[in-house]
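Here is my note on the model you sent. Please read it with the structure open beside you.

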Amino acid sequence: MSYNGITPEAMWLLAQNKFENSKPFYEEHKEEIKAGVTVPLRQIAGELSPLMCEIDEMMNLDPVRMVSRVRRDTRFSKNKNLYRDNLWVMFQRPKREWQFHPCMWFEVSQDCFSYGIGNYETTPAMMEIYRQHLVKYEQEFLEAVKAI
């Protein structure tokens, strides 16, 4: 399949799926959603993988595992909507190696896209180490920010 981008129609279908919040609706449109949003995000992940490997060679670079699912895990959430209307690509180490390692993401939603870097799991002690390094290497940090 060639890359055609993520179309407004595909995003509309994703939003409609969230609004319907019904397994029959999702099953009826699953392949369209996959072709219109999930597969293009996997293609983006695949294209960026060599660059991400240069950043961290231990990163999980399997596009199937890097793209979020349309169906939400609602077991531990107060929000019981089954489906989401946004999807993302997550560049990170395998889950068993997540702790304290930053992850990078690219997300598409109905009205925007976002990208960034952050930590999924951290502790106050780890955040204090980050703060100390920012103070200790302030000039290097400011130069890195300026370069971006």
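1. A term to begin with. Buried means under 20% relative accessible area, exposed means over 50%, and partly exposed lies in between (1.4 Å probe, protein chains only). By that scale cysteine 112, at 44% relative accessibility, counts as partly exposed. Cysteine 103 is buried, with a relative accessible area of 5%.

2. Where the values come from. This is a predicted model: local features need pLDDT of at least 70, side-chain atom pairs count only at pLDDT 80 or more, and totals for chains, interfaces and linings use all residues. Residues are numbered from 1 along each chain as its sequence is written, and side-chain values use heavy atoms, leaving out hydrogens and water.

3. How many disulfides does the structure hold? It holds zero. A disulfide here is a pair of cysteine sulfur atoms within 2.5 Å. The closest cysteine sulfur to that of cysteine 103 belongs to cysteine 53, 17 Å away, so it is too far for a bond. Cysteine 112 is in no disulfide either; its nearest cysteine sulfur, in cysteine 103, is 18 Å away.

4. Helix H1. Helices (H or I, at least four residues) and strands (E, at least two) are DSSP runs, numbered from the N terminus. H1 covers residues 8-20. The expected span of a helix is 1.5 Å times one less than its number of residues. For the 13 residues of H1 that gives 18 Å, and the end C-alpha atoms are 18 Å apart, which agrees. Its buried residues are Ala10, Met11, Leu13, Leu14, Ala15 and Asn17. Their cover includes helix H2 (23-55), strand S1 (87-91) and strand S2 (103-108). After H1 comes asparagine 21, with a positive phi near 50 degrees.

5. The sheet. Three strands form an open sheet in the order S1-S2-S3, with antiparallel pairing. Two strands pair if DSSP finds at least two bridges between them. S1 and strand S3 (113-118) are at the edges with a single partner strand each, so one side of each has no neighbour in the sheet. Six bridges join S2 to S3. Among the bridge partners, cysteine 103 has glycine 118 in S3.

6. The core. A nonpolar core is a set of buried Ala, Val, Leu, Ile, Met, Phe, Trp, Tyr and Cys residues joined through side-chain atoms within 4.5 Å. The largest has 22 residues; Leu14, Val37, Leu41, Val70, Val89 and Phe91 touch the most other members. H2 gives the most to this core, with eight residues.

Notes:
Contact = heavy atoms within 4.5 Å.
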